[in-house]
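Hello,

Here is the structure for you to look over. My notes follow below it.

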Amino acid sequence: TWIPGPATALAAAGALDQILDNYLDNAIAIAPQGTTVEIVVDGPEPPSPGQSISVHVLDRGPGLGDEQLASAFGRFWRAPDNPTEGTGLGLAIVAHLAASSGGRAELSRRVGGGIDAAVHLPAVVPAHDL
């Protein structure tokens, strides 16, 4: 469910900023010129205890194969055809930040090509809804 208004999730200090910086840097680096990189926030409205708010960075790049998707969050992993220089630590840091915030990071294929890079974080339930 798309959330048209504010969504509140729990995350370690600075974690969401770093996660989105990494996801956006990756998407912009590999997305074909002239395509759009989208950010979508979704989750339950209103949230209940135990539910998540998800933030997705969607690109139309070349995508990843099954083995690459399974390995991408490993330390020092880099896609074989990655056009940028880097240490291969970015997605490992994303996974660590998501987990330390009580959530999880996920990469999946988009229909029509590209990647859906998502982070799922615990939703904050307003006190009056408890």
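**What was found**

L107 touches Y23, L64, L69, A72, F73, L91, I115, D116 and A117, not counting residues up to four places away in sequence. Contact here means heavy atoms within 4.5 Å.

A word on the basis. This is a predicted model, so local features need pLDDT of at least 70, side-chain atom pairs count only at pLDDT 80 or more, and totals for chains, interfaces and linings use all residues. Residues are numbered from 1 along each chain as its sequence is written, and side-chain values use heavy atoms, with hydrogens and water left out.

**The core**

L107 is also one of the four residues, with I19, Y23 and L64, that touch the most other members of the largest nonpolar core, a set of 21 residues. Two or more residues come from each of α1 (15-30), β2, α3, β3 and β4 (115-122). α1 gives the largest share, 5 residues. A nonpolar core is a set of buried Ala, Val, Leu, Ile, Met, Phe, Trp, Tyr and Cys residues joined through side-chain atoms within 4.5 Å. Buried means under 20% relative accessible area, exposed over 50%, partly exposed in between (1.4 Å probe, protein chains only). Helices (H or I, at least four residues) and strands (E, at least two) are DSSP runs, numbered from the N terminus.

**Two buried polar residues**

H56 lies in strand β2 (residues 52-58). H56 is buried, at 11% relative accessibility. Its side chain makes a polar contact with the side chain of D116, at 2.8 Å. A polar contact is a pair of N or O atoms within 3.5 Å; within protein, one must be able to donate a hydrogen and the other to accept it, and residues adjacent in sequence count only if both atoms are side-chain atoms.

S101 sits in the loop between α3 (90-100) and β3 (104-109). S101 is buried too, at 8%. A polar atom of the S101 side chain lies 2.8 Å from the backbone nitrogen of A12.

**Salt bridges**

How many salt bridges are there? The count is 3, taking a side-chain nitrogen of Lys or Arg within 4 Å of a carboxyl oxygen of Asp or Glu.

- E38 and R110 pair at 3.5 Å, N to O. They are 72 residues apart, with E38 in strand β1 (residues 38-42) and R110 in the loop between β3 and β4. E38 is partly exposed at 34%; R110 is buried at 17%.
- R109 and D66 pair at 2.6 Å, N to O. D66 is exposed, at 57%.
- R104 and E106 pair at 3.5 Å, N to O.

Best wishes
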